[in-house]
Amino acid sequence: MPEVIFPGPDGRLEGRYQPGKTKTAPIGIVLHPHPRFGGTMNNQIVYRLFYMFQERGFTALRFNFRGVGRSQGFFDHGVGELSDAAAALDWVQTLHPDARGVWIAGFSFGAWIGMQLLMRRPEAEGFMSIAPQPNIYDFSFLAPCPSSGLIIHGENDRVAPPEAVQTLVDKLKSQKGIVIDQQVVKGANHFFEGQVDELIGNCSGYLEKRLAQVEA
């Protein structure tokens, strides 16, 4: 798992990168939780999602937003972080111009950034939005949501209350041409404490289902 430093819009960005074994391997990019609350690319859920993509033959990338770890710059309330995510995807796509599609996964704050990145990248085939916070962040830009994906959250999440997430899911499900899968992890809090294995298992199952549909 090579450590990488690549150019971002506000200085260098630090990441971990694993190329796929084939020239056309799809790309999976994983976005971490809020930098002001300890979020880094080494968050357990981000780390596990990275390996989930890698184990399925993807080219995988996770990285630190500006001002986190060895990434340069300062926290920018989501605006700069979206630019960081776009730069990270640009960087890996330059290395893998023949990649067949992109998947975007984000956790918490990273889910909000990931869904905005999804709107900018028509090549994105799917997304995983883990514990999104529509009670805190504005998701109205998803009009319409450009691709099918998974929204997964905890039953006992007090940071992103299930009813707020449900409102977002219902809105997206009313849009034509995409399919939104929703999964609620019973008993789980915002950080899926003690239930990360179950969370990753659900994400893996969803990814395998979608990949099987492509191959069918």
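**View 1. Phe-191 counts as partly exposed because its relative accessibility is 48%.** Here, buried means under 20% relative accessible area, exposed over 50%, and partly exposed in between (1.4 Å probe, protein chains only). Phe-191 sits in the loop between strand E8 (180–185) and helix H5 (196–215); helices (H or I, at least four residues) and strands (E, at least two) are DSSP runs, numbered from the N terminus. Together with Ile-136 and Val-159, Phe-191 makes a nonpolar surface patch with about 270 Å² of accessible area. Patches take residues with over 30% relative accessible area and no salt bridge, joining like charges within 9 Å and nonpolar side chains (Val, Leu, Ile, Met, Phe, Trp, Tyr) within 5 Å. Accessible areas come from the Shrake-Rupley method with a 1.4 Å probe, and for residues only the protein chains shown count as cover.

A word on the model: it is predicted, so local features need pLDDT of at least 70 and side-chain atom pairs count only at pLDDT 80 or more, while totals for chains, interfaces and linings use all residues. Residues are numbered from 1 along each chain as its sequence is written, and side-chain values use heavy atoms, leaving out hydrogens and water.

**View 2. Ser-129 is a buried residue of strand E6 (residues 124–130).** Its relative accessibility is 1%. Beyond its neighbours within four places in sequence, Ser-129 is in contact (heavy atoms within 4.5 Å) with Gly-106, Ala-111, Met-115, Leu-150, Ile-151 and Ile-152.

**View 3. Arg-66 and Asp-10 are joined by a salt bridge.** The term means a side-chain nitrogen of Lys or Arg within 4 Å of a carboxyl oxygen of Asp or Glu. In this pair, the closest N and O atoms are 3.6 Å apart. Arg-66 lies in the loop between strand E4 (59–63) and helix H2 (79–95), and Asp-10 in the loop between strand E1 (3–8) and strand E2 (11–18), so the pair ties together parts 56 residues apart in sequence. Arg-66 is buried, at 8% relative accessible area, whereas Asp-10 is partly exposed, at 37%.

**View 4. Arg-56 and Glu-208 meet through their side chains in a salt bridge.** The N to O distance is 2.7 Å. This pair links distant parts of the chain, with Arg-56 in the loop between H1 and E4 and Glu-208 in helix H5, 152 residues apart. Arg-56 is partly exposed, at 26% relative accessible area, and Glu-208 is partly exposed, at 42%.
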